[in-house]
Amino acid sequence: DNGWFALFFIAYICICMYIFMSIFLAVVYSNYRKHLKKEVMRSVRRKMSSIRKAFKLLRTRAANQWVVTQERFETIMKRLKPKWSSAQHLLFWQILDEESNGYLDKDAFFRVVDYLYVEIVEVKEERVIWERCCFSFYHSRSSQFVCDVVKHDGFRYLFDIIIVTNAIFIGMDLRPEHEEIGEAVFLILFDLEIILKFYARGIKGFFSRMWNIFDLFIMGAATIALLVEIGAEAADESWRPSQTTLDVFMVLRVLRLIKIVGSIERFKVVINTILQIGPAITTYGAVMMVFYYFFAVIGMEAFGGLITYYPVNGIGVNASNMTTVSDSPTITTYLASVPTSHSNMTYLEFAKLCGGHEQLRGSDFSDLKYCKNNFNYFGRALVVLFDLTVVNQWHIITQGFVLMTHWTARIYFLCFHLICVILGLNIFVAF
């Protein structure tokens, strides 16, 4: 009853959770930085060793020194960069051969490592397909006016405003007839945008931008969904598609808000950062999946079949109105493997105890209906492990399996928490 005892828990949380865990995170991050630094240094040493060996293989004697001639260098570059044009190869050589000697000395050749992965873009002026087919029409005053409007920044800003308006419209609660008209109008506008971009930029120019491909996929799916819905209304109801499926395809248009975010410079930095750390996150995810698989297999072997989920509704009878498990033929068939010792137990009680297990009676595990959290098969085991990772009532899950087995079962859950939660998540933050 003394409120001063709260100071003990406050001190424990501050010391163990905030201070200790922050120090632990700092140690993990420091070791990760050291490991990364060593990896970078090893990579640089391998790179310099390789470039020295390459120089020794390609060098020839000229001007009283060892050099690499332009002919040999171009032969190697054509193998390294076969997709480069002659102009790109020549430009790369001129960057390295600053004094136009016709050869590279050792220092100049070593700079190849620095410039080799610099992206060189060759801009080619190409005519769009409509210009080839209908030259006079495409170059008419009206056609060029349309192309100039589409390529202007104002065109993009206009449709950005329409995208935001469409997102607000979808979130509003309107009458069905008004909603259908609005969806059709927005869809026509977005389809018109794609058609105009096709016309102004050509097929190759259109598909050269990833956001255009994204728009085409989203609007193509929404258009097909609308056409299917119109066709279904005019046809037999027996083959009418699910309204939920159609609504999902139509709401996909909201995803175009990502395009607006990607066009803003500050948000573009965030998106580019996410894309750049993708490979590192993939590596981390693969390691975590190995641990998940390891603990899932152990959990299935140790706890598989101990706890079973039985639905209360949806099996042909209202369980709350039943007296015993054997009252209904549907229940009897569904629970063919139920021991006779449970025949006098109500089905509602039987399901609540995850298969009539008296050990769980009065526990939070059964009272809060956690029977689905079991290790009976691999998919369910992964769900349980994910719940443990996000620390979602992990003590209740642990309680259920401890009651069904032995107190030593806590060791399994403690090891998972230490490896995948404390260590794993802190390494993820360090990435």
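This is a predicted model: local features need pLDDT of at least 70, side-chain atom pairs count only at pLDDT 80 or more; totals for chains, interfaces and linings use all residues.
Local features here need pLDDT of at least 70 and side-chain atom pairs pLDDT 80 or more, while totals for chains, interfaces and linings use all residues. Residues are numbered from 1 along each chain as its sequence is written, and side-chain values use heavy atoms, with hydrogens and water left out.

Q: What makes residues 6-58 a helix, and how does the span of α1 compare with the expected one?
A: A helix here is a DSSP run of H or I with at least four residues, a strand is a run of E with at least two, and both are numbered from the N terminus. Helix α1 has 53 residues.

Q: Where does α1 bend, and by how much?
A: At Phe 20, by about 30°. That is the angle between two fitted axes, one for the seven residues ending there and one for the seven starting there.

Q: Which residues of α1 are called buried?
A: Val 28, Ile 51, Phe 55 and Leu 58. Buried means under 20% relative accessible area, exposed means over 50%, and partly exposed is in between (1.4 Å probe, protein chains only).

Q: Why do Arg 42 and Glu 39 count as a salt bridge?
A: The term asks for a side-chain nitrogen of Lys or Arg within 4 Å of a carboxyl oxygen of Asp or Glu. For Arg 42 and Glu 39 the N to O distance is 2.4 Å, so the pair qualifies. The two are three residues apart in helix α1, which puts about one helical turn between them. Arg 42 has a relative accessible area of 33%, so it's partly exposed, and Glu 39, with 32%, is partly exposed too.

Q: How many salt bridges does the structure hold?
A: Five. One of them joins Arg 361 and Glu 358, at 2.7 Å from N to O. Arg 361 is partly exposed at 41%, and so is Glu 358 at 45%.

Q: What makes Arg 111 and Glu 98 a salt bridge?
A: Their closest N and O atoms are 3.8 Å apart, so they pass the 4 Å limit. The pair links distant parts of the chain, 13 residues apart: Arg 111 sits in the loop between α4 (106-110) and α5 (112-115), and Glu 98 in the loop between α3 (86-96) and β3 (103-104). Arg 111 is partly exposed at 23%, whereas Glu 98 is exposed at 60%.

Q: What makes β1 and β3 the edge strands?
A: The open sheet has three strands in the order β1-β2-β3, with antiparallel pairing. β1 (60-62) and β3 each pair on one side only. Two bridges join β2 to β3, and Val 68 stands opposite Leu 104 in β3.

Q: At what angle to β2 does α1 run?
A: At about 90°, with α1 lying across β1, β2 and β3. Axes are lines fitted to C-alpha atoms, for helices over the stretch in contact, and angles run from 0 to 180 degrees between N-to-C directions.

Q: Why is Tyr 370 called buried?
A: Its relative accessible area is 13%, which is under the 20% cut-off. Tyr 370 lies in the loop between α18 (364-367) and α19 (378-389). Not counting residues up to four places away in sequence, Tyr 370 touches Phe 365, Gln 393, Ile 396 and Ile 397.

Conventions:
The expected span of a helix is 1.5 Å times one less than its number of residues. Two strands pair if DSSP finds at least two bridges between them. Contact means heavy atoms within 4.5 Å.
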